[in-house]
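The sequence and the model come first.

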Amino acid sequence: MLTLNFNNLIPNPKAEAELKKKIEQYVYIMSIRDPMNKTFQDEFAKFYQLNNSGWKSPSVMRPLFFNVFSAFNEMYGKGYKLSYDMVITMLSRISGMTEKSFSSKILHTFDTDEPIIDSQLIEKIHDESISNFKAKTGYCYSVYTMNLAMVIDLHNCLKQYYGILKSDQSTISYIKEFDNWCNSQGINPSLISETKKIDFWMWL
């Protein structure tokens, strides 16, 4: 199992400053949480690197992305329970690609206990030995060759894996250190879910 160590996040002052900037940006994005808000769109695009993806076209794809995002926001506001299955199916049909990462980022915006899938996280899982991840979660496919059903399976297993991580003593210690550090930086750690605190480590 992965062992989380807070010191890995801030090995030097430059890394610490960058971490603070990222966390403050994330907290700011989540404080707006309105896909049709121009500031939200710009900050979300920078934070999650939307401008480096297939959604970057300012005239067509980017507005389309946030229109879809807004539709999910409207459903969420009316009390619909959003799921990764629902979000990735719709987003992938529109883009023509398997949108494993941005689907998870949209869903996380509405439910911060939902994990985010990205390349760094996949590398972390692979580096610790995919066989161990399989043993812990039952996930039985390569993380590099996934169709839609496989990605949905991965997301479900990832949620299970995060649950296992959260009960591990090293993660409990990591979260405590994370919270203490946030308090020392004037950041309210209660605005960041345990899942997101683990995500920040996964982004190393």
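The model is a predicted one, and its chain holds 10 helices and zero strands, so that, read from the N terminus on, the elements run α-α-α-α-α-α-α-α-α-α. The radius of gyration of the chain is 17 Å, close to the 17 Å that the globule rule gives for 204 residues, and the chain is therefore as compact as a globular protein of that length. Along its principal axes, the C-alpha trace spans about 45 × 40 × 30 Å. Of the contacts between residues at least 6 apart in sequence, 62% join residues at least 24 apart.

Some values for the whole chain are set out here.

| Property of the chain | Value |
|---|---|
| Buried share of the 204 residues | 47% |
| Accessible surface | about 9,800 Å² |
| Share of that surface belonging to carbon and sulfur atoms | 50% |

As for charge, the chain carries 22 positive and 22 negative side chains, and the centres of these two sets lie 3 Å apart.

Is Gln25, for its part, buried or exposed? This residue, which lies in helix H1 (residues 13-32), has a relative accessible area of 18% and counts as buried, because buried means under 20% relative accessible area. Once its neighbours within four places in sequence are left aside, Gln25 is in contact with Glu43, Lys46 and Phe47.

Conventions
Residues numbered from 1 in each chain as written. Predicted model: local features only at pLDDT ≥ 70, side-chain atom pairs only at ≥ 80, totals over all residues. Heavy atoms only, no water. Helix = DSSP H or I, 4+ residues; strand = E, 2+ residues; numbered from the N terminus. Rg over C-alpha atoms; globule rule 2.2 N^0.38 Å. Buried < 20%, exposed > 50% of the residue type's maximum accessible area, 1.4 Å probe, protein only. Contact = heavy atoms within 4.5 Å. Areas by Shrake-Rupley, 256 points an atom, 1.4 Å probe, with all protein chains shown as cover. Lys, Arg positive; Asp, Glu negative; His and termini not counted. Charge placed at Lys NZ, Arg CZ, Asp CG, Glu CD.
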